[in-house]
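Have the structure open as you read.

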Amino acid sequence: MYAEWLFIVFSVLSVLGAIGLVLFRHPMSGAMSLIVTMISLAGLYALLSAKLIFVLQLIVYAGAIMSLILFIIMFLNIQTSDLPEEKGRFYYLLGGTILIIPIASFLIKVVKSLPGSQTTIVGNGFGGVKEVGLVLFQDWLLPFEIVSILLLVSLVGAVVLAGKRRLSK
Amino acid sequence: MIQNYLILSVILFCIGILGVISRRNVFTVFMSIELMLNAANLAFITFSRLHESMDGHVLALLVMAVAAAEAALALAVVILLHKHKGNLDTNVFSLLKG
């Protein structure tokens with residue numbers, strides 16, 4: 001019962017944050033409401049007894065990635081006059097909603113046909129660091145290595161791209 | 001019930017698509033993509049809980065790493081575009097249009 005209430009609170013918060021991201025005009029307000037979404041999603045992961053992902057969502061997503069985005073937004077020093085006009089965004093929003101609703105209702109219908117189970121907390125260290133680490137380094141070793149190479153390549157690419165001006169002088 | 005988590009994931013994904021469709025600010029479009037990645041993560045974790053296997057957790061971890069790489073690269077590109085055009089409108093960045 002208590003978990004049900006927590007789920008309702010977190011899901012309402014995350015949907016509100018997502019709607020705020022789409023509707024706020026300034027990207028700084030949008031980033032702040034996206035952080036609300038991320039933190040409430042971390043709470044949902046905890047309800048699904050994914051302990052490691054809960055911690056990583058807080059540290060990596062709400063911490064590192066969002067602070068990087070906020071840092072770049074502040075670095076570019078965006079004033080309200082710099083923002084694009086976006087006159088027709090409500091029309092686009094309306095048209096997009098009309099397009100999306102059939103797809104979303106189909107997906108929700110598919111989801112509702114799945115076998116349900118209660119969301120009680122699983123014991124036996126389900127989702128803990130040790131168990132996820134064992135799965136990661138036994139069954140998913142090759143994807144893990146590929147992702148590490150991807151991270152390295154993207155970091156080198158970011159340095160090359162952002163430091164281009166200084167090099168060409 | 002576990003279906004509610006999946007329904008929430010569908011709703012968040014659709015809001016992310018709406019953000020990409022309707023906004024022209026580069027940062028908002030980028031953060032909407034992040035929101036879609038998060039919705040996919042929620043679906044992974046929920047299915048992982050449904051089947052009580054931890055492969056979904058590992059996949060969510062990999063998605064987080066991909067999101068970090070994407071953030072680093074995309075923000076570098078945004079800085080470069082802002083230097084060249086002095087603007088954040090996605091309609092201005094039409095170099096590949098021909």
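Angles between axes under 35 degrees count as roughly parallel, over 145 as roughly antiparallel, 65 to 115 as roughly perpendicular and the rest as oblique. Axes here are lines fitted to C-alpha atoms, for helices over the stretch in contact, and angles run from 0 to 180 degrees between N-to-C directions. Helices are DSSP runs of H or I with at least four residues, strands are runs of E with at least two, and both are numbered from the N terminus. This is a predicted model, in which local features need pLDDT of at least 70, side-chain atom pairs count only at pLDDT 80 or more, and totals for chains, interfaces and linings use all residues. Residues are numbered from 1 along each chain as its sequence is written, and chains are lettered from A in the order in which they are written.

Now to the pair: helix H1 of chain A (residues 2-23) packs against H2(B) at an angle of about 155°, the axes lying 9 Å apart. H1(A) and H2(B) are therefore roughly antiparallel. On the H1(A) side, A:Ala18, A:Leu21 and A:Val22 meet B:Thr28, B:Met31, B:Ser32 and B:Leu35 of H2(B), a contact meaning C-beta atoms, placed from the backbone, within 7 Å.

Stepping back, chain B has three helices and zero strands. In total, 60 residues of chain B are in contact with 72 residues of chain A. Helices H1 (2-22), H2 (26-51) and H3 (55-85) of chain B each supply at least two residues to that side, and H3(B) gives the most, with 23 residues.

Technical notes:
Contact = placed C-beta atoms within 7 Å.
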